[in-house]
Amino acid sequence: MDKKEYEKLTRLYKSAPELKVIGLSSGYKTLLEYNDMVLAMKRFNNRGIEHEFEFVTWRKGTNGGMCWGHYTANFDSAKEDFVKRSELIESARIFNNDELSVIYKGLVEGTLASNLDLDTRGQMEILAERIFEFNYKNINLTEDKDISDECMEGEEEIEI
């Protein structure tokens, strides 16, 4: 995590309200709530750990607690998970990294077709460039490999 991202997350953490749920370890702050889903973050004071911030999306339980938590150290992954789980955007409208990789490769290979008019080829190149720029840090679009979401792990039931 670079210094700019660290400072951004620190400001976000300091300004967010504390998540108050009985039985939940202290330190979690609420970033977003929608449709019985909560996006929260926690800051670790121990600088010896790999990641200083943890993000989690929880579903509010019927008993007032939180359940089915997805945990990650990656803020972008947490935001994407929240958007999907809260149904802010229909899941069918969001492409995962595997799907984007296939689309990117198809666009790149498709631009090599000799029967394309210049306008179509130009549009395909622009789309391929947008996908590449958006994902170049997260996935390798030029190699065939298994791309999996390693960030989402575990489930936790927290009851009142």
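The model is predicted, so local features need pLDDT of at least 70, side-chain atom pairs count only at pLDDT 80 or more, and totals for chains, interfaces and linings use all residues. Residues are numbered from 1 along each chain as its sequence is written, and side-chain values use heavy atoms, leaving out hydrogens and water. Helices (H or I, at least four residues) and strands (E, at least two) are DSSP runs, numbered from the N terminus.

**Salt bridges**

- The structure holds 6 salt bridges (a side-chain nitrogen of Lys or Arg within 4 Å of a carboxyl oxygen of Asp or Glu).
- One of them joins Lys79 to Asp76, with the closest N and O atoms 3.2 Å apart.
- Lys79 counts as partly exposed, at 31% relative accessibility (buried is under 20% relative accessible area, exposed over 50%, partly exposed in between, with a 1.4 Å probe and protein chains only).
- Also in helix α2, Arg85 and Asp81 are 4 residues apart, about one helical turn; their closest N and O atoms are 3.9 Å apart in a salt bridge, and both residues are buried.
- Lys60 and Glu33 meet through their side chains in a salt bridge (2.5 Å, N to O).
- Because Lys60 lies in strand β3 and Glu33 in strand β1, this pair ties together parts 27 residues apart in sequence.
- Lys60 is partly exposed at 34% relative accessibility, and Glu33 is partly exposed at 46%.

**The β1-β2 hairpin**

- Strands β1 (residues 28-34) and β2 (residues 37-43) run antiparallel and are joined by 6 bridges (two strands pair if DSSP finds at least two bridges between them).
- The hairpin has 2 residues between its strands, and Asn35 in the turn has a positive phi of about 55°.
- Tyr34 has Met37 as its bridge partner in β2.

**Aromatic rings**

- A search of the whole structure finds 5 aromatic pairs (rings of Phe, Tyr and Trp, using its six-membered ring, with centres within 6.5 Å; planes under 30 degrees apart count as stacked, over 60 as edge-to-face and the rest as tilted).
- Tyr28 and Trp58 make an edge-to-face pair, with ring centres 5.0 Å apart and planes at 70°.
- This pair links Tyr28 in strand β1 with Trp58 in strand β3 (residues 53-60), 30 residues apart.
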